[in-house]
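Me: I want to learn how to read helix packing. Please take me through a case.

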Amino acid sequence: MDKQTLEVLCLKLPGATHDYKIEWNADRYQVGGKMFAMIGADSDGKPLISLKCDPVRAEELRDNYRGVVPGYYMNKTHWNSIYFDADIPDELWEKLIVHSYELVFQKLPVKVQKAIHSK
């Protein structure tokens, strides 16, 4: 997977925004001001994306796919980091991004959710 494709997948979601966090050297993707994805690198400079994930599903993904690890610099229970060269099917990338987005979106105040959906 490559950064440009992941960015397109993140930004096509309703209300998704992007910024760059200089201190983290990472691109952040947010909805309603809350982060659902981060593209950066590990301490060796190897590129990865970090996504929020249901804890049970997070464990299953880590067990089943090489390159899916506990969230790098994130809460390891609720976040996974996925290396760009992970052995996951192409269609799963988008499903995991949408899953992360939905987890974050569902926690937003109803007023914010409605504002996003009305755009």
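Me: Is the crossing of H1 and H3 left-handed or right-handed?

Reply: Two packed helices are described by the angle between their axes and the distance between the axes. Handedness is left if the near helix is turned anticlockwise from the far one by less than a right angle, and right if clockwise. Here the crossing of H1 and H3 is right-handed. This is a predicted model: local features need pLDDT of at least 70, side-chain atom pairs pLDDT 80 or more, while totals for chains, interfaces and linings use all residues. Residues are numbered from 1 along each chain as its sequence is written, and side-chain values use heavy atoms, without hydrogens and water.

Me: Which residues of H1 and H3 make the contact?

Reply: Contact means heavy atoms within 4.5 Å. H1 gives Leu6, Leu9 and Cys10; H3 gives Trp93, Glu94 and Ile97.

Me: Which residues of helix H2 are buried?

Reply: An α-helix has 3.6 residues a turn, so residues three or four places apart point the same way. Helices are DSSP runs (H or I, at least four residues) and strands are too (E, at least two), numbered from the N terminus. Buried means under 20% relative accessible area, exposed over 50%, partly exposed in between (1.4 Å probe, protein chains only). In H2 (residues 55-64), Ala58, Leu61 and Arg62 are buried. They line one face, because they fall within an arc of 100 degrees seen down the axis of H2; the arc uses directions from the helix axis to the C-beta atoms.

Me: What do the buried residues of H2 pack against?

Reply: They pack against S5, S6 and H3. The face of H2 turned away from the buried side carries exposed Val56, Asp63 and Asn64.
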